[in-house]
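Here is a friendly walk through this model, one part at a time. Keep the structure open beside you as you read.

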Amino acid sequence: MFYRLSGVHHTRYASARQLWPVPADRWQVYGILALALAAPLYLPQVYLSSYLLPWLIFGAATLALTLLMGLAGQLHFGFAAVMAIGAYASIHLSQAGVPFELALIGAGLLAALIGCLFGAAALRVKGLYLVMATVAMQFLVNWVIVNVTAISGGAVATLQTPRVSFLFIPMDGLMARYYLALLWAVIVTLLILNIKRTSFGRALVAVRDKDFAAAVIGVNIFKYKLLAFFSSSFLGGVTGAILAFCYYQAVTPEQFSFDVTISLVAMVLVGGLGSVIGAFLGAGFVLLAPIILLNSIASLVDAGWLSVSTTLMAHIPLMLYGAMIIGFLLYEPLGLAKIYDNLRKYFLVWPFRHTQS
Amino acid sequence: MKPIRRTLLGSGLAATAAVTLGLPMGRALAQGKEPLKFATLMDFTRVYTFLTSEYSQGQQDYIRLINLEGGVDGHPVNLTIRDHASHPQQGIAMYNEALRDGNIFFDFLSTPVANAVMPRANEDKVPMIAFAHGRADAIDGTEFPYVFPSAAIYRSQAALLMQYIDEQAGGLKGKKIAFVHIDSPFGKEPIALLEAMVQSKGFTLQGFPYPVPGTEQAATWTEVRRFRPDAVIIWGAGPGQAVSVRGAIGNGISPKSIYSVVWISDTDMQSFSGDTAVGVKRVTLVNPGTDQKIVQRIIEKVIEPGDGSGDRSTVGSTYYNIGVASMAIPVQAARLALGKSGAPLTGEKLKAGLEMIKDFDADGLMPPLTITAEDHQGGGWGRISEWNGKQWAPLSDWSTAEQDLVWKLIREEAGK
């Protein structure tokens, strides 16, 4: 009843193979896109700048990581370092006079090259051992950025982003920055949505499932593992640059520390490995749940309904947040995307029953 | 009326009466005028935990005292307290929300978050304090008009330590100084100043970084022992400080030649029994102890009636008094600003008020602070204190050191 399936039949392969063959799904996607495009009109500025903007950017970063972890099956615990390379490279390139669009691409390429270098470890090791190699990348890159003053901008270690313009629109003001972040998020979303339908995506899935079997049927696992790291690090590098220019506007090494890497991995896992909607749900959850919990607890304390010391008031949201993560993963180990999927399947055939799948 | 309805009505009336009578009518609460909103968005849960709860306790008790004594010219002060766990992204989100809610003064107590928010504070025209932390060039009021370190920055603190060694501990010429620091931007702050002093004072300096978070320093101290320094400067914070002192003493360095940054407290020294750590010196920016006049007033009017916001034993500790000082400065600035421009108080008026502060010492709690439009540090005053086994006792009077060199370095770096 909610997803009108009757009368929906496809007479051409193209329409049957489209991303959302059910019109109700398509309308939902158009609705969300319209909401995102119109956000500066109805959303108060503080929510736009502090909630929606980082959500979009970290959603794009999660998509890049889910390409590597969900689709190609390579665990990567150093993704914040990749974003850091992109951020610092883009700032230095812009300061050197390179146009902003080319600086973004250059930053992505540099991040991809360095990410590929460390990702070559994936050719020899798998699983937890690859995690060790990528953690080493995280700490190495962090150390280089902190200690090489030419990169990090001197002893004060804060680098301001210069004023730039993207395609002749100056990047001043919240709206310009928001639309650039939205554009990048849409590009990455379209890429990851379609990637499973290409030969590249199918090769990555084969490498993930059983790499020696893939080698037997003729997939060059050497090339595809490196390509997975290259493409994921390129997307991550450009996302890091967008994060620096559109959100932080002044980068310090702490913004790309190991904690950020763990947050990104949590976003991927809580959202659901390999799914696009999972990336945005996971990013929203990890990013916004702590702040929302903190604000609710703080307003309870201010209204006088809860009287605890300030330190305990600061720790309660963390306890609740940890409990929520455990709760969600116990309820549905495949993540928030699977919860959405279950809900969709329920409403798809409502009021008839559906089989649990 | 039916009996049940009567009982309900009666209990309802009784409850209303209780609530109305329970309201604090007897105290001279600042009422009727618009509250001044200050926001303290700090790190309670992750990196700065050793400091924030005592610091925040000092701030809350002081603001409660101010509100009890009639507020600032009748305006009560409302404190917004939130935790950002030293995450720059969370700090920025909370800053934006607090700004929307009308807060005109900010304290972040976290170097990464303060550094991330500084450009926004300048744009949004709200003053923020960065008491004794944050980047060195923030003391330049012309570059950072809305950032007020309001206390000796790390480079000034290092200069004070070196001045003490030079004048009171046998001179610097020909001596070997080991600078043992945490490997982070905070730890590296004073290196530029120390290296600039090497030429003029004729000593040998070597840096010994230890990795974040500072709980593992054994390897570093073995190297320091090989260096055989005449004096050791330790530059860390939190639990790493006690580890540093233990590492130094365990490697044969006398506690009398250990000099520390301001972030070492009574709690850190409690783990040393008896005389083991007597002689360790540190920079003091705010007088500790419960016999300060302001702390006495707080004890009398806030703690004794039971309105304190934490453990009684923390009142008067180093970080508690630093918290009191960090709120005394904006309250004084608000008084000056309201006196000059009148209500309502905005961020710009408060900034002007901060720059009007002259020789303010909070009844003897701090050294005389004078902030001008160019100098947001307030002069770089501090004094050296020594651990005598029970408390940190001052060894000298308030003084400044090498301020010309500090400003010269900042101007050179700004030019690059």
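Predicted model: local features only at pLDDT ≥ 70, side-chain atom pairs only at ≥ 80, totals over all residues.

Chain B contains 14 helices and twelve strands. Its radius of gyration is 23 Å, close to the 22 Å that the globule rule gives for 416 residues, so chain B is as compact as a globular protein of that length. Here are the overall values for chain B.

| Property of chain B | Value |
|---|---|
| Radius of gyration | 23 Å |
| Box filled by the C-alpha atoms, along the principal axes | roughly 95 × 50 × 40 Å |
| Share of the 416 residues that are buried | 55% |

The largest nonpolar core has 230 residues, and the members that touch the most others are I57(A), A181(A), M128(B) and V232(B). Within chain B, domain 1 (36-152 + 288-376) and domain 2 (154-284 + 385-407) each supply at least three residues to this core.

Which residues does V232(B) contact, leaving aside its neighbours within four places in sequence? The partners are A178(B), V180(B), V224(B), A248(B), I253(B), S257(B), I258(B) and Y259(B).

Now for the place where the two chains meet. Chain A brings 27 residues to the contact and chain B brings 30 residues. On the side of chain A that touches chain B, the elements giving two or more residues are α3, α13 and α14 of chain A. Sorted by class, that side of chain A holds 14 nonpolar, twelve polar and one charged residues.

Finally, take a look at helix α12 of chain A, which covers residues 258-271. This helix has 14 residues and reaches 20 Å from its first C-alpha to its last, close to the 20 Å expected at 1.5 Å a residue. Is α12(A) mostly covered or mostly open? It is mostly covered, with ten of its 14 residues buried. Among the buried ones are V260(A), L264(A), V265(A), M267(A), V268(A) and L269(A), along with T261(A) and S263(A). What do the buried residues of α12(A) pack against? Their partners in chain A are α3 (45-71), α4 (79-95), α6 (128-147), α13 (276-303), α14 (310-331) and α15 (336-348). G271(A) is buried too, and just after α12(A) comes G272(A), which takes a positive phi of about 125°.

How values were computed. Residues numbered from 1 in each chain as written. Chains lettered and ligands numbered in written order. Helix = DSSP H or I, 4+ residues; strand = E, 2+ residues; numbered from the N terminus. Expected span 1.5 Å × (residues − 1). Buried ≥ 20, exposed ≤ 12 C-beta atoms within 10 Å, placed from the backbone. Contact = placed C-beta atoms within 7 Å. Rg over C-alpha atoms; globule rule 2.2 N^0.38 Å. Nonpolar A, V, L, I, M, F, W, Y, C, P; charged D, E, K, R; others polar. Core = buried A, V, L, I, M, F, W, Y, C linked by C-beta atoms within 7 Å. Domains from an automatic or database assignment.
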